[in-house]
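Have the structure open as you read.

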Amino acid sequence: MDPPPKTWSIHMRSEITAKYEVLNRVGSGAYADVYRAIRLSDGASVALKEVHDSQSASREIEALRLLKGSRNVVVLHEFFWREDEDAVLVLEFLGTDLAAVIGEGDGVGVGEIKGWMVQALSAVDECHRNMIVHRDLKPSNFLVSDDGVLKLGDFGQARILVESGFNAPQENPPPYEDDTSNAESSTQHSESISQLVNLNQTAYENPNLGTLSHEEYFRVLDEMKTKSYSYDTDKDTNIYDGNTSCLATCTTSDIDDDLCKGSFTYEAEEVGGNELGCLTSCVGTRWFQAPELLYGSTDYGLEVDLWSLGCVFAELLTLKPLFPGTSDVDQLSRIVSVLGNIDEETWPGCHKLPDYGSISFGEVENPSGLEACMPNCTPDEVSLVKRLIFYDPAKRATAMELLQDKYFSEEPLPVPISEYNEVDSDSALEEFGTLNITTTGSDLSIQIP
Amino acid sequence: MAAESSEGEEETKLSGGSLLLTVDDDLTEMGKKAAWSVSSCKPGNGVSSLRDDNLETYWQSDGGQPHLVNIQFQKKVRLQLIVLYVDFKLDESYTPSKVSIRAGDGFHNLKEIKTVELVKPTGWVYLSLSGVDPRDTFVNTFMLQIAVLSNHLNGRDTHVRQIKVYGPRPNPIPHQPFQFTSREFITYSSIR
């Protein structure tokens, strides 16, 4: 590829070019452009992610800092943020992703697929232990290194459960600014998150408590949500498309005009109530969206990731998307034709969903079932996907539960990661220490030593 | 009275309405094969009220005009007739007065094919999808949208009590360009 033109904004930023040689652009989306670069200090390949949306950037940074040291989550080395410029995140570079693996087709063995599934489950489990809902799980966001390590990336739409006492600043300034007042609230924020993480990890890892059952896990979650935690609001999302409706009915949405929408990600500005605790339903990628999102829910939980994971696993096993809808209503229609009618019996409380009254499907007398969508798969493979693809979010198996599924302990066993070291070449960068903040006027550069 | 509008679609004025639903035998109701959605609704008066075969219940919109009913099919279908049940006596200012019918592959390319003005209707209102050309007896489409552009007495929200969508009944004998009606013809219509 030709060398990048000098007009690129990332190429004009001296604080970046002093440390990295930008090679070429490897991807772009609604929120960000990703470039491959060489770290001048040691010649290592890195990915520079230029994020055009400040909220997306702050979410990604915060989520990745919480998940530092997680084996199956992409590593954030450092980031650069200036008031008048986009944030640039320096991430470890991974050569390919699951979408490319699926696209290549038949040369993948069951053991390899199981290996990727185990790693994907580990990544999602790590997120959920830290009360992070990713909200955009899809094959292209599971990155794969040359030696077969799978890492979850793109946390731009992730949300973190925070203490209700913490009031997020309206203007969403860059986090970790060298400013006393901000530092105070940032510390308070970090403390509340770490308390939550500690509490959650205690619940998971305390040998005296044992492993939480599925019901207990979500009961604890719900209690924490209602008593002392709530989701931070989605009100500051920086997409201003006056003609975009987030309703599942897609009546005025430009988003839904695109028949190839399955391959795009979007998060539109919250429509309606923006009170604290209100999430947007217009999030994620349609083909992997949970039905509660398609019905406009704004108080969903971690379970939306579990549905997406089921769709990803089905695609890994069949090499084609499970529900490739062309619009939100078509997406629901495809789901209903496979799983059957949505009613209080199959999904208690479904009538409370915002758009439940706005969408109706003919009575499905003989739903085709997941078996028909996965014709060449074994009963165990179908069973694994079935544990995730439930209308009722409370019935979806957690990532931790699935890791203990018999499917992963039967032959062929998951392929172990070749030459995978606990401490790799990036380990020094993985351990976040004191933030090294440099400010000159409106410039802000933050290194995570 | 039909007039050609600037958009090229047919505009019709209809008054009255039939209390009995009567449809030709060669038509079949296609709505059960579709996904139905509406632009907005009052809780308890959702889209399912349009399809429950109950004239006491109704869909009530809850937003700005136009109020939209979207009917989406998985496969391309032939549609010939739309029948609405509206009731000016009961619904007054909630009764639709101007209705637009649009068809297309999806939201991105809907084309208006007909605009109808309803004058104080009570009962079933029949909206034929046939064009000005007598050969155009149906539309072949993935999606139909019924847009309530305005209501009687300048009402904001609308009430529609039932919607039925009809298309030609599939030919019982495959690869046959027309349908025999008598038993004798049907008996000898294929080589044995």
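**Where chains A and B meet**

Across the interface of chain B and chain A, four residue pairs are in polar contact, both partners at pLDDT 80 or more. Keep in mind that this is a predicted model. As for salt bridges across that interface, the rule turns up zero.

**The chain B side**
- Strands E4 (35-38) and E6 (67-79) of chain B each put at least two residues into the side that touches chain A.
- Sorted by class, that side of chain B has eight nonpolar, eight polar and one charged residues.

- On the contact count, 17 residues of chain B touch 17 residues of chain A.
- Between them, chain B and chain A bury about 1,400 Å², with 54% of it on carbon and sulfur atoms.
- Gln74(B), Phe107(B) and His108(B) account for 36% of the area chain B buries against chain A, more than any other three residues.

- Strand E12 (residues 359-361) of chain A is joined to E4(B) by three bridges, and the two run antiparallel.
- Opposite Ser360(A) you'll find Trp36(B), in E4(B).

**A sheet within chain B**
- Chain B has an open sheet of four strands, ordered E3-E13-E7-E10, with antiparallel pairing.
- E3 (27-29) and E10 (122-128) of chain B sit at the edges with a single partner strand each, so each has one side without a neighbour in the sheet.
- On average, neighbouring strands of this sheet are turned by 25° against each other, direction ignored.
- Five bridges link E7 (residues 81-87) and E13 (residues 162-168) of chain B, which run antiparallel.
- Leu84(B) has Ile163(B) as its bridge partner in E13(B).

Conventions:
Residues are numbered from 1 along each chain as its sequence is written. Chains are lettered from A and ligands numbered from 1 in the order in which they are written. This is a predicted model: local features need pLDDT of at least 70, side-chain atom pairs count only at pLDDT 80 or more; totals for chains, interfaces and linings use all residues. Side-chain values use heavy atoms; hydrogens and water are left out. Contact means heavy atoms within 4.5 Å. Buried area is the accessible area (1.4 Å probe) that two parts lose on being put together, summed over both. A salt bridge is a side-chain nitrogen of Lys or Arg within 4 Å of a carboxyl oxygen of Asp or Glu. A polar contact is a pair of N or O atoms within 3.5 Å; within protein, one must be able to donate a hydrogen and the other to accept it, and residues adjacent in sequence count only if both atoms are side-chain atoms. Ala, Val, Leu, Ile, Met, Phe, Trp, Tyr, Cys and Pro count as nonpolar, Asp, Glu, Lys and Arg as charged, and the others, Gly among them, as polar. Two strands pair if DSSP finds at least two bridges between them. Axes are lines fitted to C-alpha atoms, for helices over the stretch in contact, and angles run from 0 to 180 degrees between N-to-C directions.
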